[in-house]
Amino acid sequence: MRIVSFLPSASEMVCALGLGDQLVGVTHECDYPPEVQSKPVVVRNVLPLETLTQREIDEAVTQRLRDGESLYQVDENLLRDLEPDIIITQDLCQVCAPSGNELSQALKVLPKKPEIIWMTPKSLAGIEDNIRALGQATGRQRRAEEVIASGRQRLEKIKTRTGELSTRPRVFCMEWLNPIFCSGHWVPELVKIAGGSDTLGREGSDSVRISWDDVRKWNPEVLVVIPCGFHIEKVVQETAKLCEYEGWQDLAAVRNNRVYAVDANSYFARPGPRVIDGAELLAHLFYPGSFSWDGPSTAYRRVELNAMSRS
């Protein structure tokens, strides 16, 4: 079996099911588990995201989508040479991966039409469905159910402990900084499971732009910065600019030194097995005295007040 993944989260699922040796093509963003980094890259982003600010990225993405242009380039010659039996893609977010239009064009060059697995989750249940569908398509149903059951057990453990706590902190998970986006899809579920309250999030729905005034009125006690597509160093760099917003220093989270930059790519932006780690990380950030974090030390960084107190 030869599998090509158009999604970092799908590459993680493939490996979680023990199919890493059958993964023959990935995207330029696929970096976990580490062994996928040696796979042939079939999909690349057309924008130089590493050199753009968040405002510039937002403007460039908006313009390309308005003009009907793709954000991704598929290497059709390589795809033909790889002769995939299965291609995993999505139609959830055109910013996250190639959508149906790019795939339809790429399929024209393939002499043998592969099976297409569409992954479009908007919730934790949807992520489980994707894992199950991949297991069924690859003959790994038992392993898929084991992965799902393990994740559920870990989430139930968190819910049981947070259910015993008397308070739930006001939380804001910021999915984009300029312009500001609230969290959406599965992230509000993770917040709830971890014992937080984020009324600005949109559970099961798209992340949307909100005003800074909405954030100030909510006055979060914990602010978690999780910009989609960013790893920790880039998140820290962008978070430092938040002090430019009026009244930043008056937020409860800022006053109490509870602003966290988080490796969004690893734990929140990708709807794969590691969102369970994301729930455990949030529980630690919300209740550090009750939940430990046993994952990588690079998963998050507390933003120092002295670097954020400019008005």
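**A walk from the sheet to a helix pair**

Strands β2 (residues 23-27) and β3 (residues 41-45) run parallel and are joined by 2 bridges. In this pair, Val26 stands opposite Val41 of β3. Keep in mind as you look around that this is a predicted model.

Now zoom out to the sheet. Strands of a sheet pair through backbone hydrogen bonds, and they can do so parallel or antiparallel. Here we have an open sheet of 6 strands, ordered β4-β3-β2-β1-β5-β6, and the pairing is mixed. At the edges sit β4 (72-74) and β6 (115-118), each of which pairs on one side only. Ignoring direction, neighbouring strands of this sheet are turned by 15° against each other on average.

Next, the helices on the sheet. Helix α1 (residues 8-16) lies across β1 (3-5), β2 and β5 (86-89), and it runs at about 155° to β2. Helix α5 packs on the sheet too, touching β1, β5 and β6, with its direction at about 165° to that of β6.

For α5 (residues 124-138) and α6 (residues 141-162), the angle is about 160° and the axes are 7 Å apart. Angles over 145 degrees count as roughly antiparallel, so α5 and α6 are roughly antiparallel to each other. Their crossing is right-handed.

Who meets whom? On the α5 side you'll find Leu124, Glu128, Ile131, Arg132, Gly135 and Gln136, meeting Gln141, Ala144, Glu145, Val147, Ile148, Arg152 and Leu155 of α6. By type, the residues of this contact split into 6 nonpolar, 3 polar and 4 charged.

Definitions and conventions: Residues numbered from 1 in each chain as written. Predicted model: local features only at pLDDT ≥ 70, side-chain atom pairs only at ≥ 80, totals over all residues. Heavy atoms only, no water. Axes fitted to C-alpha atoms, helices over the stretch in contact; angles between N-to-C directions. Helix = DSSP H or I, 4+ residues; strand = E, 2+ residues; numbered from the N terminus. Parallel < 35°, antiparallel > 145°, perpendicular 65-115°, else oblique. Left-handed = near helix turned anticlockwise from the far one by under 90°. Contact = heavy atoms within 4.5 Å. Nonpolar A, V, L, I, M, F, W, Y, C, P; charged D, E, K, R; others polar. Pairing = 2+ DSSP bridges.
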